[in-house]
Amino acid sequence: MHPQSTTRRALVLGAGGVVGTAWMAGLAVGLPDHGIDLADSDLFVGTSAGAIIGAVLATGERPERLAALPPTTGHPHVPDPAVLAEVFAVLAEPGQDATVARRRVGQLARTADVGGPHTQIDRMRGLLGTTRFPERLLVTAVDADTGEPVVWDRDSGIPLPHAVAASTAFPGASPPIPIGGRYYLDGGLRSATNADLATDADTLVVVEPLAHLFPPEQLRQELTVADATTVVTLRPDSAAIIAFGPDLYDRAVWADAYRAGTRQSIDAADRLRHVGTGG
């Protein structure tokens with residue numbers, strides 16, 4: 001993790017699976033209708049689903065491109081529930097060193113039959129609409145072998161679809177992504193938001209698609225070192241959570257989750273306008 005120079009306004013976009021991606025896309029589409037444009041942020045920190053939305057916004061692509069999920073080509077991978085259960089069991093073990101846990105999870109990721117990495121990279125290229133890594137974006141991931149977190153930016157020399165594919169490569173749902181001779185996993189294995197990468201911003205907006213599933217302690221700890229004058233957190237409301245359903249990777253509810261985001265943008269805009277984050 002590398003420090004950033006002082007930033008006026010940072011947008012942190014967290015992990016969320018398929019449903020969280022759709023919800024954040026809808027939120028980003030709806031907000032400009034109410035005077036707020038998330039693309040006007042000075043820094044984007046993208047983790048997993050948030051890396052997709054952050055990349056779209058930071059490159060100047062319009063989030064409307066995600067109103068409908070593009071059809072998969074070939075044989076779409078299906079998450080392996082047994083591997084997912086084992087991954088969550090490892091991560092939940094009390095008293096375990098976090099890096100060791102991530103290494104163990106990396107080993108599990110190699111055993112899951114969830115398709116090939118190049119299919120996932122191609123999928124991200126189609127979602128993003130560009131391969132250009134924008135200047136204002138940080139993308140998080142985890143080294144599958146060492147368990148160490150990594151952060152990529154424009155100077156890392158990595159094509160944007162590869163970085164985003166790695167950041168979204170949750171073990172049991174997506175394959176590890178090879179980059180530069182190493183394999184990488186979902187940045188959410190380190191933190192659901194990695195908000196500490198933007199804690200020197202004057203205004204910090206944190207979007208948490210999975211806030212209802214995880215305790216808030218980690219984000220609270222990350223924000224204790226924040227120099228931000230204002231911190232705003234945006235989370236799915238009860239109607240959005242119902243739209244998500246029980247399966248974070250259910251492509252069939254994409255449209256419902258997207259509409260939930262656009263609907264919730266009305267209340268989100270009121271909160272953001274109140275703290276002076278208008279476009």
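In which handedness of crossing does α2 pass α6? The crossing of α2 past α6 is right-handed, a term that applies if the near helix is turned clockwise from the far one, whereas left-handed applies if the near helix is turned anticlockwise by less than a right angle. The model is predicted, with local features requiring pLDDT of at least 70 and side-chain atom pairs counted only at pLDDT 80 or more, while totals for chains, interfaces and linings use all residues. Residues are numbered from 1 along each chain as its sequence is written, and side-chain values use heavy atoms, with hydrogens and water left out.

**Helix packing**

- Helix α2 (residues 49-58) packs against helix α6 (residues 160-167) at an angle of about 155°, and their axes are 7 Å apart; axes are lines fitted to C-alpha atoms, for helices over the stretch in contact, and angles run from 0 to 180 degrees between N-to-C directions.
- The pair α2 and α6 is therefore roughly antiparallel, the class for angles over 145 degrees.
- Ala51, Ile52 and Ala55 of α2 meet Leu160, Val164 and Ser167 of α6, where contact means heavy atoms within 4.5 Å.
- The residues of this contact between α2 and α6 comprise five nonpolar, one polar and no charged; Ala, Val, Leu, Ile, Met, Phe, Trp, Tyr, Cys and Pro count as nonpolar, Asp, Glu, Lys and Arg as charged, and the others, Gly among them, as polar.
- Helix α3 (residues 81-92) and helix α4 (residues 98-111) cross at roughly 175°, with axes that come within 9 Å.
- Val83, Glu86, Val87, Val90 and Leu91 of α3 form the contact with Ala101, Arg104, Val105, Leu108 and Thr111 of α4.
- The contact of α3 with α4 divides into seven nonpolar, one polar and two charged residues.

**Loop residues**

- Ser48 is in the loop between β2 (43-46) and α2, and has a positive phi of about 55° although it is not a glycine.
- With a relative accessible area of 6%, Ser48 is buried, meaning under 20% relative accessible area (1.4 Å probe, protein chains only).
- Asn194, in the loop between β6 (182-186) and β7, is not a glycine but has a positive phi of about 55°.
- Asn194 is buried at a relative accessible area of 0%.
- Glu208 is located in the loop between β7 (201-207) and α7 (217-223), and counts as buried at 10% relative accessibility.
- Not counting residues up to four places away in sequence, Glu208 touches Thr193, Leu219, Thr233, Leu234, Arg235 and Pro236.

Terms used
Helix = DSSP H or I, 4+ residues; strand = E, 2+ residues; numbered from the N terminus. Parallel < 35°, antiparallel > 145°, perpendicular 65-115°, else oblique. Buried < 20%, exposed > 50% of the residue type's maximum accessible area, 1.4 Å probe, protein only.
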